[in-house]
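Look at the chains below and follow the charged side chains. Where do they pair up, and what do the chains share?

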Amino acid sequence: MSRLLLILLTFATNVYAASPSSGLEQIAHQHFETYCFDCHDSDTKKGDFDLIGSLDKGDFDSSLLFENLITGKMPPAKKKQPSPEERRSLLAWLAQQQVESTPNSFRRISRHEFVHSVNDLLDTNIDLTNQIPEDRGTYTFDSDRRIQLTKEQLMAYFTAADEMLEFAFPANGFHPETTWVTSSIKESHETYRIYAREHKDGLLFSWMRSNNGRPYPFFYDHFNPPVKGWYDLTFDAAKMGEFPDDISLMVFAGKYFYADDRPQPQHLLKVISLGNEELKSHTVRVFLKPGENVSVHCYSKHTWKQDKGEQGAYIEKLTARGPVFESWPPKSYQTVFAGLPIEAPDRGAHAHITVTAQTEAMRSVIKRFAERAFSSPLSEAELKPYDQVALDHLQAHGDFVAAAKVGIKAIVSSHRFLLVPGEHRNDSFRVAADLARSLWLSVPDQRLHELAARNALNSATLKIELARLLAAPKSKRMIGSLCAQWLNLRSHDNVSPSLKLYPTYNDLLNHYLPIETKSYIAHLIEHNLSVSHLIDSDFSILNQQLAQHYGVDGVIGQKMRKVSFEPDSPRGGLMTMGSVLKVTTDGFDTSPILRGAWVSRNIVGNTLSPPPENIEVIEPDLSKATTLKEQVAEHKKSKSCLSCHKSIDPYGFALESFDATGQWRTQYRVKTEHHATFQYRPEGFFKRGSQVDASGDLGGSKFDNIADLKDLLLVDHTKVAYNFAKILFEYATGSAPSLEHRMDLHEMIPTKAEDCRMRDLVINVLTYSHTRK
Amino acid sequence: MTRKEFLKFGTALPLALHSLNLRAAEKSKTPPKRVMFICNSLGFYETNFFPKTRGDLSTSTYLDGIKTRDKMTVFQNLFHPGMSTSNHDSEKSFLTGAPNPEAASFTNTISLDQLLAQHLGGDTRYPSLPLSIYDRGWGCSWNSRGAAIPPMHDETLIFNTLFGEEDLAAKKQQITNDQNVVRCLYRDMQQLKARGAGASKLDSYRTIIHELEAQLKHEEFWLNAKKPVVNNTLSADSEFAFSTKIKNLLELSKQAFQTDSTRMITFTMDWINGAINVPGATGGWHSFSHHGNQPGTIEKLTRIEVDIMKHLNKFLFDLDQIKEGDGTLLDNTTVVIGSNFGDASNHTHNNLPTIIAGGGYRHQGHTVLKKPTPLCNLHLELLHRHNIDAGSFGSSEQDMRLLKG
């Protein structure tokens with residue numbers, strides 16, 4: 001008791017004593033004494049942590065204590081446990097101790113949100129995201145409230161808005177739809193042209209890679225899109241050869257480049273899967289710009305460098321048609337100028353679409369657009385500046401569409417659009433805007449507007465609306481955005497596996513790996529499956545390419561579908577997905593520490609302190625005589641290292657069974673000496689190294705491999721769910737949940753794993769995020 | 001703006017409005033500082049390039065005849081780290097120092113010329129002028145997002161861009177529209193403020209709109225400013241098209257500097273497959289560059305390189321003939337001539353041939369570094385020399401103060 005008294009005396013002299021929570025404080029300290037002081041006093045100082053001293057000095061990280069307590073890391077399982085009520089009082093007290101940080105009351109919308117919103121408002125589909133600078137800096141979330149809008153960003157939005165408006169309503173009219181056919185390819189480098197050989201009426205392509213390992217694209221002749229827009233490319237093609245799998249016809253676009261035998265990167269537009277069928281037309285709709293040329297690369301491991309014979313991808317001809325519009329006049333006119341006389345001449349020739357209308361019509365166009373963009377009804381006074389800029393232009397130039405474009409540009413450059421929350425008539429409109437932004441990265445639709453107009457977005461209707469928004473195809477944007485940020489898949493393309501070590505890695509696989517993850521998470525939400533699927537599962541969403549990478553037989557064709565794993569498969573769940581395994585390496589070697597820390601923090605949900613400064617970095621070195629594990633075992637020697645690394649290294653060890661491309665391995669690969677210029681070869685430049693040891697020890701429980709580790713993690717689903725809830729909260733609001741918010745989030749998690757379901761969790765967390773006080 | 005912010009965001013056209021007003025006055029006083037980068041993408045044959053006797057440029061086959069020899073320094077033992085697996089793609093890193101340009105997922109970083117242009121270029125019509133021989137869509141200039149800035153390659157188009165009459169009606173209308181949009185946004189803020197909308201939000205936004213307005217004023221200024229009148233002296237010699245192209249692009253560079261149309265030019269001397277014709281040799285420049293120490297091939301490669309040196313010699317001499325302030329245009333222009341290859345025949349990236357000419361430095365003639373030194377050290381020094389407070393650049397280790405005076 002003397003200890004407690006001492007603490008209370010000390011506290012009596014500082015601010016805490018004056019707070020109304022002193023009753024709670026006393027209770028909390030009693031619980032600390034009962035459950036924590038045995039180990040964390042100044043003598044024992046377990047884990048190098050003296051709680052008594054820290055509380056005494058008022059110098060402690062309340063959020064770390066909070067996280068350890070709420071996730072059940074502390075007190076350790078074998079020690080005496082506080083009752084749920086006792087734990088809650090401790091958490092509540094810690095939440096009060098959190099140093100107040102008031103995040104900015106507003107944030108700028110991200111470039112993704114800008115482009116999606118403007119596209120939806122204009123009813124266009126043009127992706128200009130890459131032309132707008134990434135302004136996220138080192139923050140994890142695009143929505144982070146610490147990011148300020150800058151002049152550079154606004155200039156970029158100005159330019160993007162011009163381009164999108166020009167695409168929707170081109171000042172010089174619409175190019176007629178044209179169709180052209182081509183079956184010959186442009187001249188290519190002598191080393192490669194032998195792999196596209198004449199056959200019947202077209203060309204037969206075999207698979208080969210250029211000497212730097214990149215796919216070598218063959219460019220079509222007579223190909224020059226007249227304007228930027230959407231085009232239908234129809235390939236009359238067939239698979240040739242007696243093997244079960246499909247051949248992948250990869251369609252690229254880029255600048256024709258013959259100068260070098262080392263092709264410049266093209267961007268992959270679409271993949272066509274050629275199966276066991278007769279010659280058939282395959283049509284893909286793609287976005288092209290003038291100066292871009294379409295090129296093809298036909299991948300099948302069975303047709304490597306064949307310059308004769310009858311195996312490969314046969315393409316008789318390519319028919320291009322465009323620019324195409326889903327309707328005429330284009331939807332953008334019907335949406336923005338709804339109800340006005342739109343004159344659209346036939347598309348046979350160059351077409352100027354005109355809208356003939358006057359002042360009042362302009363007011364209604366601006367009002368409709370602005371109310372959607374700002375998510376609020378607007379008074380005449382509020383609309384006046386926007387009306388005026390459009391009407392001034394109309395008066396000066398007499399062109400209704402051109403004048404509306406100026407007004408619209410002002411609307412999408414306004415702080416009411418770019419900074420959120422905007423100014424909303426009632427709270428329902430604010431909630432509607434937040435929901436649409438979180439789930440669709442866009443502006444509310446008509447239904448949300450109607451509900452908001454009645455101020456009827458309350459906790460009852462909200463869940464129904466969230467389910468509706470989630471079911472819409474636009475929610476794919478949220479899944480993609482979440483994967484990009486939470487799972488860092490936006491860095492996926494920044495890691496390029498060494499082709500010396502992993503010669504089978506290719507662009508097609510690189511294309512599908514992140515798609516697997518996004519499709520899987522979408523599936524979990526759509527089917528409302530248990531959150532434990534984040535850790536382990538008996539299925540994933542795969543296609544032929546991914547299945548081959550994972551060693552799963554019998555998956556033919558590149559269409560993504562649900563595929564069950566054999567019971568003894570190490571796959572299932574996020575940790576063992578190629579995308580995650582790849583993005584946590586440098587493309588050469590795997591580091592159990594870096595990968596372990598990443599998985600531990602982002603998927604398992606452990607709270608880790610940043611690595612201490614001034615320590616020697618352990619770089620795994622496969623050439624050393626000691627094993628990787630012995631090198632990392634250095635951590636065990638020091639208590640202060642071990643306190644964190646016991647929550648890092650085990651995950652990394654278990655995942656050592658997967659190489660930098662996510663493929664299963666039992667032995668390491670060691671690069672062999674290779675001088676002169678790198679020349680790709682299918683067998684790579686490596687030799688077999690030491691055996692992989694994927695065993696370890698997680699909190700006293702031994703495991704032999706990843707499957708064992710997953711079993712250990714499945715015992716407690718709440719930590720994973722709680723972590724996901726925190727991430728979703730931060731994604732949606734742009735700031736990390738306070739400790740009080742975290743208590744609420746934790747309360748939402750059902751105690752049984754089978755009751756803790758993904759869609760429910762998403763709906764509950766987003767409801768909370770956007771309606772919390 | 002802190003250095004970190006500067007590097008993070010870059011600034012498209014940094015411009016204090018008052019500098020526009022000061023521009024005329026300032027011009028008469030101190031001549032502006034300019035920089036030019038020339039990257040010969042297939043290198044120079046080392047034996048002919050470097051002086052055979054240390055410190056004596058007259059012992060270099062290529063440099064002996066350079067008339068402005070006393071205004072240049074040749075650096076030996078500079079290299080680009082991180083290019084181990086790289087080939088011709090190393091050109092992409094010439095001015096950025098970004099490693100592994102050959103990786104499929106390579107993303108570049110901002111190039112030195114663009115960083116300098118942000119600082120030097122604000123008062124000119126074109127903050128930077130990237131040029132190349134061919135139309136490949138990329139050269140040595142890369143923006144702050146690591147995207148290629150396509151160089152201009154068509155001499156007539158370049159001449160017209162710099163000095164020709166343009167139909168500016170559409171551009172002027174665009175600026176007017178944007179200025180109206182800005183006025184609309186001010187009015188909107190006014191009426192919202194009257195209604196008591198969030199003050200901090202409005203304040204932060206107003207600052208940006210204000211900056212945007214200044215930017216538009218800057219653009220308007222240049223749209224309305226008359227272009228300098230320059231006689232078209234471009235050569236049309238088609239027998240030696242390659243040679244003509246280099247000559248013309250250097251002539252345009254001289255005129256652009258002379259008229260203060262830009263203060264930052266980057267000339268990427270790129271290559272494509274196929275034969276070129278220079279006095280004394282016909283054949284593929286790329287094929288010749290892989291000479292494999294065959295004397296016949298080296299002879300032909302030398303003819304091409306001698307031809308290139310001839311034009312560079314004239315260019316430097318011409319700049320030095322133009323009086324400016326107390327010196328010459330060359331004295332106010334730092335001309336960096338270099339390559340991404342040390343030995344193009346073997347695709348190595350060490351001992352990069354590097355010349356710094358002009359710029360008013362106390363030139364050393366021939367500086368041989370004791371140990372292999374990242375070219376980016378020199379890049380960093382050039383940033384510092386132009387008052388850009390960068391802690392590092394690309395693969396730089398330190399500013400070694402290799403330039404004197």
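B:K171 and B:E166 form a salt bridge, with 3.7 Å between the closest N and O atoms. This is a predicted model. How exposed is B:K171? B:K171 is partly exposed, because its relative accessibility is 44% and the class runs between 20% and 50%. B:E166 is also partly exposed, at 36% relative accessibility.

Why can such pairs form at all? Side chains of opposite charge can pair when their charged atoms come close. Over all chains, the structure holds 63 salt bridges. Here are some of them.

| Pair | Closest N to O distance |
|---|---|
| B:K171 and B:E166 | 3.7 Å |
| B:K71 and B:D331 | 2.9 Å |

Take B:K71 and B:D331, which form a salt bridge at 2.9 Å. B:K71 lies in the loop between helix 3 (46-49) and strand 2 (72-79) of chain B, and B:D331 lies in the loop between strand 8 (327-328) and strand 9 (333-338) of chain B, so the pair ties together parts 260 residues apart in sequence. Both B:K71 and B:D331 are buried.

Now turn to chain A. Buried or exposed: how does A:D387 count? A:D387 is buried, with a relative accessible area of 7%. A:R363 is partly exposed, at 34%. Chain A also has a network of salt bridges, which links A:R111, A:E134, A:R136, A:D142 and A:R490.

Next comes the contact between the chains. The size of an interface is often given as the accessible area lost when the parts come together. Chain A and chain B bury about 4300 Å² between them, and 57% of it is on carbon and sulfur atoms. Each side gives residues to the contact: 53 from chain A and 53 from chain B. Four salt bridges run between chain A and chain B. On the side of chain A that touches chain B, helix 10 of chain A gives the largest share, eight residues. By class, that side has 19 nonpolar, 19 polar and 15 charged residues.

Finally, consider the domains of chain B. Domain 1 covers 3-165 + 231-385, and domain 2 covers 166-226, by the domain assignment. Their centres, taken over C-alpha atoms, are 38 Å apart.

Note on methods:
Residues numbered from 1 in each chain as written. Chains lettered and ligands numbered in written order. Predicted model: local features only at pLDDT ≥ 70, side-chain atom pairs only at ≥ 80, totals over all residues. Heavy atoms only, no water. Domains from an automatic or database assignment. Salt bridge = Lys/Arg side-chain N within 4 Å of Asp/Glu carboxyl O. Buried < 20%, exposed > 50% of the residue type's maximum accessible area, 1.4 Å probe, protein only. Helix = DSSP H or I, 4+ residues; strand = E, 2+ residues; numbered from the N terminus. Contact = heavy atoms within 4.5 Å. Buried area = accessible area lost by both parts, 1.4 Å probe. Nonpolar A, V, L, I, M, F, W, Y, C, P; charged D, E, K, R; others polar.
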